[in-house]
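Student: Hi! I've got a structure open and I'd like to walk through part of it with you. Could you take a look?

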Amino acid sequence: MNPSLFFCLAAFSVYSLSSAEADESPSGFTVDLIHRDSPLSPFYNPSLTPSQRIINAALRSNSRLNRLSSHRLDQTNKLPQSILVPDNGEYLMKFYIGTPPVERLAIADTGSDLIWVQCSPCASCFPQDTPLFEPLKSSTFVGTTCGTQPCTLLQNGRGQCGNSGECVYLYEYGDNSFSAGLLSTETLTFDDSQGGAQTVSFPNTIFGCGLLNNFTVYSSTKLTGLVGLGAGPLSLVSQIGDQIGHKFSYCLLPFSSTSSSKLRFGNEAIITGNGVVSTPMIIKPSLPTFYFLNLEAVTVAQKTVPTGGTEGNVIIDSGTVLTYLEPTFFSTFAASLQEALGVELVQEDIPSPLNFCFPYRENFAFPEIAFQFTGATVPLKPINLLIHITDRNMLCLTIVPSTMTGISIIGSFSQFNFHVVYDLEGKKVSFHPTDCSGSSI
């Protein structure tokens, strides 16, 4: 164990490892999701053009995919310590931790399964412009010990015992970033954006009190940690599952919007009525954090292009911007699309990592495209499919070839203006085409 981390852990040895009392929990609530390129975000750079923001987002998306590719199972079938690096998350959320509550701004990531914030005393932390969370000033902070139920949820070598029996977590990521510290429980509180001035609290939530953190890729000192929304047992949605009926949803706005997207839990995540389609959710033991779906085909105009994939051949992920299709399937899909468009593709000066671009023209008629998931047809609109690169006068497809044979990812562009519901108990994901800027969303 790192000596400086051991020194910091010693500060907690006098603290009682007891259980906190549970409060009555809500049946549903809604949280604002702030896109990192929104004017509401600390990442916002007003000097960038819309095209530059989109290209930067696409590059982050590619980086995220490459880290997933580099951490796939090796030949011994040994599980990686972590898969996706959350620094490339596209959405931020505010919450409060402790009693009295301390405001934090963190990345919200469906590709991660741990909640963690930077804590004091810190052996090594990345810069943030708000004070570190001081757990010993919170009346509801509880450290955990080895052998307790929370500590057993740290799998694949992510947990170890400190010298005083405390449960230490270590999450390592694909670019040598990491977070390590004391696995603990605390009260987390959220503003309910649909409930006026109301807040909702969840006591005894397991989180990582980060005492040794290296996330130098953060370009904002306002970020303080991460909220995992994946399928793993330590994610927020798994921990509060009983209180929210094991359901959450989001409605993602396009980059051009100045409003916040919405992240909904419990009853507020439920959608019914015409236009709602559902497909089975698949959780794989080899990659338990991720939500897999089965993409059977993509229709282009009147032509159906089958994927030929097996069960659970795509990951649905809010933190990946572009949609990545398995390379061989992408080639077939792209050929069908080019045939339907009847255009010559641009061969030079294509912004990386975009792949399929053609000259822009007014009143362009784009063919109907739909994802054919098992049991669910999801039609896409031009806003889901096309990026206008204004300084190069071209349109580029938001779907690109994956670097991973056999695995595809449905990214956030393909989910704009859809209410996407994750039902972990019913093991399904539902889609409803919606104007996500609407007041009722």
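Student: Which residue stands opposite Lys303 in β17?

Tutor: That's Val300. Keep in mind that this is a predicted model. Val300 belongs to strand β16, residues 295-300, which pairs with β17 in the antiparallel sense over four bridges. Another bridge there links Ala297 to Pro306 in β17.

Student: And what sits between the two strands of that hairpin?

Tutor: Two residues separate β16 and β17, and Ala301 takes a positive phi near 55 degrees in this hairpin.

Student: What sheet are these strands in, and what is the order?

Tutor: It's an open sheet of four strands, in the order β17-β16-β21-β22, with antiparallel pairing. The edge strands, β17 and β22, each pair on one side only. From one strand to the next, the twist averages 25 degrees.

Student: How many bridges join β16 and β21?

Tutor: Five, again in the antiparallel sense. In that pair, Val298 stands opposite Phe371.

Student: Is β16 largely enclosed or open?

Tutor: Largely enclosed by the rest of the structure, because five of its six residues are buried.

Student: Okay, which helix lies across these strands?

Tutor: Helix α5, residues 327-341, lies across β16, β17 and β21. The helix runs at about 170 degrees to β17.

Student: New topic! Is Ser318 buried or exposed?

Tutor: Buried: its relative accessible area is 6%, and the cut-off for buried is under 20%. Ser318 lies in the loop between β18 and β19.

Student: What does Ser318 touch?

Tutor: Leaving out residues up to four places away in sequence, its contacts include Glu90, Tyr91, Tyr250 and Gln415.

Conventions
Residues are numbered from 1 along each chain as its sequence is written. This is a predicted model: local features need pLDDT of at least 70, side-chain atom pairs count only at pLDDT 80 or more; totals for chains, interfaces and linings use all residues. Side-chain values use heavy atoms; hydrogens and water are left out. Two strands pair if DSSP finds at least two bridges between them. Axes are lines fitted to C-alpha atoms, for helices over the stretch in contact, and angles run from 0 to 180 degrees between N-to-C directions. Contact means heavy atoms within 4.5 Å. Buried means under 20% relative accessible area, exposed over 50%, partly exposed in between (1.4 Å probe, protein chains only).
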